[in-house]
Amino acid sequence: MKDSQSRFLNLDSFRVFSGGKILVEKILGAKMNGTTGPIEFTSDKSLDFPAFEVINVIGTGFRRVGYWSNSSRLSTSPPETPKTNESSSSSELLHSVVWPGETVKKPRGWVLPQNGKHLKIGVPIRVSFQDFVKEVNETDRYVGYSIDVFVAAVNLLPYAVPHKFYSYGDGHKNPSYTDLMSLVSTGVYDAAVGDIAIITNRTRMVDFTQPYIESGLVVVTPVKKLSSGTWAFFRPFSAELWCVIGIFFVVVGAVVWILEHRKNVEFRGTPKQQV
């Protein structure tokens, strides 16, 4: 065997080190203080008190923001001596971290570039009831209860979700929501937002979020503030109905008098008494 300068290597002069076991025992039995804390090994040849520096990489450099060990956990002070596993809230703090953009404010998450792919959200354009979804005339803005719920849910996510709304429907009649779900399942739209009822055939095509509107029959009436008084019992019926009730009362009384006048002495006497 030759080296880089074409000279022969004298491999016979090499010897095998026979004290490897003793060297390992010496290393495992070492107990000393290093730069990051004490160095000591357990019976399974692992560090008894492992300690690490937590660094913050900034560009081509870095800065130390704290330390971590299994005794003191996260801490701004180096773990110089072994401690118990008890840790206080102050020892778990780290120095401030500088995030990309030279800011100490924690980012919400990865943000896709403006020229990246946005989620295509299909919005049904209704003609009749537009309180859930409505397209603002001559703009690309959409308003309504369903739109507000969607935006509020997206803002609660710990990361950004770039999206763009697309109209679905001709604006002359209410579109078919089942056809819209079919377009979502085929990939034309990534999702859909609106007052879309969850029915069996649609659940076979797409996944729905948790319902945020209860369906059912309701009656909406205006609320009027009325003052209570002595004659409040007249309010359930109109004046015409009260007149009809009075007429029926007189008619029934007259019929009873005619039938009972001939045989019942209590229905006889002077006209004043009979009245």
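This note goes through the predicted model point by point, from the whole chain down to single residues.

1. Ground rules. The model is predicted, so local features need pLDDT of at least 70 and side-chain atom pairs count only at pLDDT 80 or more, while totals for chains, interfaces and linings use all residues. Residues are numbered from 1 along each chain as its sequence is written, and side-chain values use heavy atoms, with hydrogens and water left out.

2. Overall make-up. The protein chain has 6 helices and 10 strands; these are DSSP runs numbered from the N terminus, with at least four residues (H or I) for a helix and at least two (E) for a strand. Of its 275 residues, 16% are buried. Buried means under 20% relative accessible area, exposed means over 50%, and partly exposed is in between (1.4 Å probe, protein chains only).

3. Contacts and surface. A contact means heavy atoms within 4.5 Å. Of the contacts between residues at least 6 apart in sequence, 40% join residues at least 24 apart. The chain exposes about 22,300 Å², and carbon and sulfur atoms supply 59% of that area. Accessible areas come from the Shrake-Rupley method with a 1.4 Å probe, and for residues only the protein chains shown count as cover.

4. Leu-180. This residue is in helix H3 (residues 177-186) and counts as buried, at 0% relative accessibility. Apart from neighbours within four places in sequence, Leu-180 is in contact with Pro-124, Tyr-168, Tyr-189, Ala-192 and Ile-196. Leu-180 and Val-123 are 57 residues apart in sequence, yet their C-alpha atoms are 8.9 Å apart in space.

5. Ile-196. The loop between strand S10 (191-192) and helix H4 (200-203) holds Ile-196, which is buried at 16% relative accessibility. Not counting residues up to four places away in sequence, Ile-196 touches Tyr-177, Leu-180, Met-181, Arg-202 and Phe-208.

6. Salt bridges. The structure holds 2 salt bridges, each being a side-chain nitrogen of Lys or Arg within 4 Å of a carboxyl oxygen of Asp or Glu. One joins the side chains of Arg-64 and Glu-53 (3.3 Å, N to O). Arg-64 lies in strand S4 (residues 61-69) and Glu-53 in strand S3, so this pair ties together parts that are 11 residues apart in sequence. Asp-195 and Arg-126 also meet in a salt bridge (3.9 Å, N to O). Asp-195 is in the loop between S10 and H4 and Arg-126 in the loop between strand S6 (119-124) and strand S7 (134-135), so the pair ties together parts that are 69 residues apart in sequence. Arg-126 is buried, with a relative accessible area of 17%.

7. Aromatic rings. Rings of Phe, Tyr and Trp (its six-membered ring) pair if their centres lie within 6.5 Å; planes under 30 degrees apart count as stacked, over 60 as edge-to-face and the rest as tilted. By this rule there are 7 aromatic pairs. The rings of Phe-129 and Phe-132 have centres 5.6 Å apart and planes at 55 degrees, so this pair is tilted. Phe-129, Phe-132, Tyr-145 and Tyr-212 form one aromatic cluster.

8. An exposed loop residue. Asp-44 lies in the loop between strand S2 (38-39) and strand S3 (51-58). At 56% relative accessibility, Asp-44 counts as exposed.
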